[in-house]
Amino acid sequence: MSDFRLKVFLSVAKNLSFTKASQELFVSQPAITKHIQELETCYQVRLFDRQGNKISLTEAGKLLQEHSEKILEDYKRLEYEMHLLHNEYIGDLKLGASTTISQYVLPPLLANFIAKFPQVNLSLLNGNSREIEAALQEHRIDLGLVEGICRLPNLRYTTFLQDELVAVVHTGSKLSLPDEITPEDLSRIPLVLRERGSGTLDVFERALSEHNMKLFKFRK
């Protein structure tokens with residue numbers, strides 16, 4: 001029901017590439033160009049500045065991008081609510097989840113969801129917590145599941161599960177870990193840690209800061 005030209009425009013605007021939009025939407029590049037030209041003719045504006053092989057959004061393009069995102073979201077919501085009138089759950093649901101959640105928490109939940117709502121087209125983006133938050137801000141996903149304690153002001157967070165971090169060693173390791181280990185003990189042990197952007201690493205760093213310790217002092 002929604003205007004496909006807006007989807008084409010948003011894909012070009014996001015990728016800043018007609019070629020990538022063509023690949024993303026499985027539409028020929030001449031067709032992509034035609035849709036953009038139709039929009040420019042309709043509104044009597046230029047949506048993209050072209051400099052060699054590079055393109056960028058004009059002010060009119062930025063305005064259309066802002067409104068197109070809202071329009072397509074409204075169409076998606078309308079389709080969902082119309083189907084609810086018949087107790088039908090149908091449409092697209094784009095999830096994003098951090099690595100640990102994707103691997104260990106979601107599989108049984110998603111299996112149950114798919115069995116219960118087979119007409120919902122479900123997709124999952126996997127990344128660390130910062131990558132998932134970025135995808136949510138860019139409207140590439142509908143819902144994100146992340147770990148950690150950092151909170152971005154333009155996103156709303158709801159706690160859904162409690163987890164804990166524990167220190168582990170290989171069974172053949174020369175290290176013998178007691179039931180409890182102090183931060184000072186940890187500082188003398190080579191550690192394998194998550195990358196920047198990981199919610200798990202954020203939690204670890206926050207715990208260290210409570211003991212006036214910095215991550216860079218640890219052996220990694």
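**Briefing: a parallel strand pair and a nonpolar core**

Strand S3 (residues 91–98) and strand S4 (residues 120–127) run parallel and are joined by eight bridges. The model is predicted.

**Strands S3 and S4**
- Leucine 95 has leucine 124 in S4 as its bridge partner.
- Together with helix H5 (residues 99–116), S3 and S4 form a β-α-β unit, and this unit is right-handed.

**Serine 98**
- Serine 98 belongs to strand S3.
- Is serine 98 buried or exposed? Serine 98 counts as buried because its relative accessible area is 1%, and buried means under 20%.
- Leaving out residues up to four places away in sequence, serine 98 touches Asn126, Gly127, Asn128, Ser129, Ile132, Leu145, Val146 and Glu147.

**The largest nonpolar core**
- This core has 18 residues, and those touching the most other members are Phe9, Val12, Ile32, Ile36 and Phe48.
- At least two core residues come from each of these elements: helix H1 (4–15), helix H2 (18–25), helix H3 (29–43), strand S2 (54–57) and helix H4 (59–84).
- Which element gives the largest share of the core? Helix H1 does, with six residues.

**Isoleucine 32**
- Isoleucine 32 is one of the core residues that touch the most other members.
- Apart from neighbours within four places in sequence, isoleucine 32 is in contact with Val8, Val12, Phe18, Ala21, Ser22, Leu25 and Val27.

Technical notes
Residues are numbered from 1 along each chain as its sequence is written. This is a predicted model: local features need pLDDT of at least 70, side-chain atom pairs count only at pLDDT 80 or more; totals for chains, interfaces and linings use all residues. Side-chain values use heavy atoms; hydrogens and water are left out. A nonpolar core is a set of buried Ala, Val, Leu, Ile, Met, Phe, Trp, Tyr and Cys residues joined through side-chain atoms within 4.5 Å. Buried means under 20% relative accessible area, exposed over 50%, partly exposed in between (1.4 Å probe, protein chains only). Helices (H or I, at least four residues) and strands (E, at least two) are DSSP runs, numbered from the N terminus. Contact means heavy atoms within 4.5 Å. Two strands pair if DSSP finds at least two bridges between them. A crossover is right-handed if, with the strands pointing away from the viewer, the path from the first strand over the helix to the second runs clockwise.
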